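Here is a colleague's note for your first look at this entry. Please keep the structure open while you read.

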Amino acid sequence: MGIIKAKNLLFEYIRRDEEGNVESINRAIDDVNIDVKKGDFVAVLGHNGSGKSTLAKHINALLVPTEGTLWFKDMNTTEEANLWLIRQSAGMVFQNPDNQIVASVVEEDVAFGPENLGVPTKDIWTRVEDSLNAVGMMEYRGHSPNKLSGGQKQRVAIAGIMAMKPECIVLDEPTAMLDPNGRKEVIRTVKELNEKEKVTVILITHYMEEVIFADKVYVMDEGKVVMEGTPRDIFSKVAELKSYRLDVPQVTELAYELKNSGLAIPDGILTTDEFVDAICKLRQ
Ligand code: ADP
Ligand code: MG
């Protein structure tokens, strides 16, 4: 079994009036099955309101299923006794870096997580240094987080999670509020953590360019997983993606249009290099 497994997961937000009567029920997750292998980089795509954040919150038991089951490392998230261990091993990074910074000096901010876990002081500083190095923010250890760029703040937030030595990090649209450079910094950092530190990554995003190197992609729509596969599998199905109100990477789109107009270009072109190769082959 993988590090994260969801079986027939269903979640409903239930709104009640003052007397406790049910006013409305919103099914945000509808019979979702996922299986994430340890060490994988998994991306979750989906239009606004498709249930991505709700799913993310199930991974570290911020929400528990209305029906079905989610296991993190074989631990059922509904069992109270598992909560501490689950929260410790599944770190969450959210959209807005400003809401995640708690201290007025970078290194203290990164130390906050392991301090809360009761890590001995001497080990905390090793962890802080390792984590700041891992996200390339060591030179800012004494700085005030307020003065950093959005991308840098988000890297500090990621270092804070890494300092807790999680086995898995779940990033819920971590680049949504960043400029293109900030987005690149953060994605590069996350990719490196996955490759070098072997952290399992769940990246929720609606930037298609960010998922092309994922091991696996899940596409969500109206609470359901509607597509799953490698980035190439997913991006070969341009029309289907569009039906879920999603775009494809620009170069994939261009290749798709050229193919539709009669050129012999393969499906699922993901990078400019692949595109150039395909075009050059046409001329031979
Ligand atoms: P996404 O992250 O893909 O945008 P969400 O998981 O935030 O999607 O939302 C899924 C559905 O659940 C949407 O219809 C949204 O309106 C609804 N929803 C999200 N949070 C709440 C909440 N706290 N109370 C009621 N409904 C919610
Ligand atoms: Mg969301």
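1. **Ground rules.** This is a predicted model: local features need pLDDT of at least 70, side-chain atom pairs count only at pLDDT 80 or more, and totals for chains, interfaces and linings use all residues. Residues are numbered from 1 along each chain as its sequence is written, chains are lettered from A and ligands numbered from 1 in the order in which they are written, and side-chain values use heavy atoms, with hydrogens and water left out.

2. **The shell around ligand 1.** Which residues surround ligand 1? They are Y13, N26, A28, H47, N48, G49, S50, G51, K52, S53 and T54. A residue is near a molecule if one of its heavy atoms lies within 4 Å of it. By class, the shell has two nonpolar, eight polar and one charged residues. Here Ala, Val, Leu, Ile, Met, Phe, Trp, Tyr, Cys and Pro count as nonpolar, Asp, Glu, Lys and Arg as charged, and the others, Gly among them, as polar.

3. **Where the shell comes from.** Strand β2 (22–36) and helix α1 (52–59) each supply at least two residues of the shell. The largest share, three residues, comes from α1. Helices (H or I, at least four residues) and strands (E, at least two) are DSSP runs, numbered from the N terminus.

4. **Polar contacts of ligand 1.** A polar contact is a pair of N or O atoms within 3.5 Å; within protein, one must be able to donate a hydrogen and the other to accept it, and residues adjacent in sequence count only if both atoms are side-chain atoms. An oxygen atom of ligand 1 is 3.3 Å from an N or O atom in the side chain of N26. The backbone also takes part: an oxygen atom of the ligand is 3.2 Å from a polar backbone atom of S50, and an oxygen atom is 3.1 Å from a polar backbone atom of G51. The protein covers 60% of the 560 Å² of accessible area that ligand 1 has on its own. Such areas come from the Shrake-Rupley method with a 1.4 Å probe; for residues, only the protein chains shown count as cover.

5. **A nonpolar surface patch.** I14, V22 and I25 form a nonpolar patch on the surface, with about 260 Å² of accessible area together. Patches are made of residues with over 30% relative accessible area and no salt bridge: like charges are joined within 9 Å, nonpolar side chains (Val, Leu, Ile, Met, Phe, Trp, Tyr) within 5 Å. I14 lies in strand β1 (residues 4–16). Buried means under 20% relative accessible area, exposed over 50%, partly exposed in between (1.4 Å probe, protein chains only).

6. **Salt bridges.** How many salt bridges does a search of the whole structure find? The search finds 19. A salt bridge is a side-chain nitrogen of Lys or Arg within 4 Å of a carboxyl oxygen of Asp or Glu. The side chains of K153 and D98 form one of them, at 2.8 Å, N to O. This pair links distant parts of the chain, 55 residues apart: K153 is in helix α5 (residues 150–162), D98 in the loop between β6 (90–93) and α3 (106–116). K153 is buried, at 12%, whereas D98 is partly exposed, at 46%.

7. E129 and R141 meet in a salt bridge at 3.1 Å, N to O. E129 is in helix α4 (residues 121–134) and R141 in the loop between α4 and α5, twelve residues apart. The side chains of E253 and K242 meet at 2.9 Å, N to O. E253 lies in helix α9 (residues 250–260) and K242 in helix α8 (residues 238–243), so this bridge ties together parts that are eleven residues apart in sequence. Salt bridges that share partners also join E12, R27, D30 and K224 into one network.

8. **D179.** This residue lies in the loop between β7 (168–172) and α6 (180–196). The side chain of D179 reaches the backbone nitrogen of G182 at 2.7 Å. D179 and G150 are 29 residues apart in sequence and 7.9 Å apart in space, C-alpha to C-alpha.

9. **Positive phi.** Most residues other than glycine have a negative phi. K198 has a positive phi, near 60°. K198 sits in the loop between α6 and β8 (200–204) and is exposed, at 56%. Phi of R245 is also positive, near 60°. R245 is in the loop between α8 and α9 and counts as exposed, at 51%.
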